[in-house]
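Here is a walk through one protein model, strand by strand and ring by ring. Keep the coordinates open as you read.

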Amino acid sequence: MSNGPLLFKDIDAPGLTGLDGYRRQGGYEALAATLGKKSPEECIEIVKASGLRGRGGAGFPTGLKWSFVPKNSPKPKYIVCNADESEPGTFKDRELMEKNPHLLIEGIVLAGYAIGSATGYIYLRGEFAHLRDTLDRAIAEARAAGLLGENILGSGFGYQIHTHLGAGAYICGEETALLSSLEGYRGQPRLKPPFPAVEGLYASPTVVNNVETLMNVPHILKNGAQWYRQWGTEKSAGTKIMSLSGPVKRPGNYEIPLGLPLRTLIESPEYGGGMRDGMKVKAIIPGGSSVPMMPASQIDTHLDYESLNAVGTFLGSGGVIVIDDQTCIVDALWNISRFYRHESCGKCTPCREGTYWMVEILERIEKGGGRETDIDVLLDVAGNVFGKSFCALGDAAAMPVQGAIKHFRAEFEHHVRNKSCLVNRRRHSVSEVTA
Ligand SMILES: Cc1cc2nc3c(=O)[nH]c(=O)nc-3n(C[C@H](O)[C@H](O)[C@H](O)COP(=O)(O)O)c2cc1C
Ligand code: SF4
């Protein structure tokens, strides 16, 4: 099912996980064309000019992030690959690493060369234990072939990569919590600034980049910034892997040129193939569970950073969750909110308490015990979490609540007033209510 113009172009090529198979697809040519041939500054400029933005959720320009690393720091510098992939609805990094581990290795070495780093780490979420073997095998192969370790390809540049397995906590995907976890401490976020580029792993300059971001780098350095810009839009350059889930005919990962209409991703036979069993689209969460949902009426929005921002939501990590007309939005939101309550690390009060209360109120509304004031109280709680929490997990918990009520308030009101659901007409007894 995998396809796509760039990262997914050869992803199902025979033997791609091994060094020979990767080389047959042009693997490590970027390394040979870059080490000792382009200066590190040139590499940063090319990545800047390509318009590549971080694929981990925030969409920060990658070349710009690299340029923040101080040139003259006496401390070692690090590349940390964020392979924690915990955003519900997002499953792209997993497929990329499973099928093309050498591309990630090549991307990390090139990023390291650009910022003057000699060591990189791949931080994998605990559930990806099987991928650690795949990556360790590829690292050993690359080292044996002189593509990692001392004096790579005789360039005088050396690089080491280590894999690290987390324990499976969503907060460990947040870059500063990830760094704490990698250092052996509890995975809780740190105050920014200082940003990791200046003071990251072991208080040394560190670039944290997502798997997909790093995998774009060899292609960009080998083929140039303008070549990369043949896909996407002016401000959202390149391609993006979208994880499509929900009751579509062909769920899965699809690589799209940024700017593709959402409708095409859901309906085109090349991608999702439309809805299953005569179901209709009711809502779409375009960027993983943390972003505000959109009503079906916005299905013609284009999938790029700017177009989604214009309708009040985000591209995020690219997890497109389709919600059908048989699904109760209150129930769906309650489910999402339970996730954020469970994953809140508890460090700050707005998120720790706010996620708890959002779940309590949603449960009350869903089970038929909601009060007239509950919807506004819910919005008030979300408003006191959004922008007031220590890290972006607070925003991630608040935005789904705000988006769902903005577009589907009538469903919440129906639950409160009629003690039943607009969709499945289920009548709840108030005795079910626990809060
Ligand atoms: C709660 C939370 C979870 C996150 N999870 C991930 C993740 O699983 N993978 C990821 O790449 N970025 C994740 N991020 C974003 C990272 O903090 C960071 O922005 C990203 O790794 C930077 O890489 P990029 O510039 O290549 O996108 C998360 C952020 C937050 C607030
Ligand atoms: S916002 Fe939530 S996850 Fe982030 S520090 Fe506060 S309690 Fe922890």
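Strand β1 and strand β4 (residues 206-210) run parallel, joined by 5 bridges. In this pairing, Tyr78 has Thr206 of β4 as its bridge partner. The model is a predicted one. β1 also runs parallel to strand β2 (residues 119-124), and here 6 bridges join the two. Ile79 of this pairing stands opposite Gly120 in β2.

How many residues of β1 are buried? The count is 6 of the 6, so the strand (residues 78-83) is largely enclosed by the rest of the structure. Its side chains split by direction. Tyr78, Val80 and Asn82 point one way, while Ile79, Cys81 and Ala83 point the other way. Both sets are buried.

Gln160, which lies in strand β3, is 40 residues from Gly120 in sequence, yet their C-alpha atoms are 6.2 Å apart. Beyond its neighbours within four places in sequence, Gln160 is in contact with Ala118, Thr119, Gly120, Arg143, Gly149 and Glu150. Is Gln160 buried or partly exposed? Its relative accessible area is 25%, so Gln160 counts as partly exposed; the cut-off for buried is under 20%.

Next comes helix α6, residues 101-115. The helix has 15 residues and spans 22 Å from first C-alpha to last, close to the expected 21 Å. It is mostly covered, with 15 of its 15 residues buried. Just after the helix, Gly116 adopts a positive phi of about 80°.

An open sheet holds 5 strands in the order β6-β5-β11-β8-β9, with mixed pairing. Which strands stand at the edges? They are β6 (252-257) and β9 (294-295). Each has a single partner strand, so one side of each has no neighbour in the sheet. β6 pairs with strand β5 (residues 239-245) in the antiparallel sense, over 6 bridges. Within it, Ile241 stands opposite Glu255 in β6. Helix α5 (residues 92-99) packs on this sheet and touches β5 and β6. The direction of α5 makes about 115° with that of β5.

Last, the rings. The structure holds 12 aromatic pairs. One of them joins Tyr170 and Tyr340 edge-to-face, with 5.8 Å between centres and 70° between planes. This pair links distant parts of the chain, 170 residues apart. Tyr170 sits in the loop between β3 (160-165) and α8 (175-182), and Tyr340 sits in helix α13 (residues 329-343). Tyr170 counts as buried because its relative accessibility is 14%. Tyr340 is also buried, at 1%.

Trp227 and Trp231 form another edge-to-face pair, 5.1 Å centre to centre and 90° between the planes. Trp231 is buried, at 14%.

Arginine side chains also meet rings. Arg53 lies over the face of Tyr305, 4.0 Å from the ring centre. Arg338 lies over the face of Trp334, at 4.3 Å from the ring centre.

Key:
Residues numbered from 1 in each chain as written. Chains lettered and ligands numbered in written order. Heavy atoms only, no water. Helix = DSSP H or I, 4+ residues; strand = E, 2+ residues; numbered from the N terminus. Expected span 1.5 Å × (residues − 1). Buried < 20%, exposed > 50% of the residue type's maximum accessible area, 1.4 Å probe, protein only. Phe/Tyr/Trp six-rings, centres within 6.5 Å; stacked < 30°, edge-to-face > 60°. Lys NZ or Arg CZ within 6 Å of the ring centre and 35° of its normal. Contact = heavy atoms within 4.5 Å. Pairing = 2+ DSSP bridges. Axes fitted to C-alpha atoms, helices over the stretch in contact; angles between N-to-C directions.
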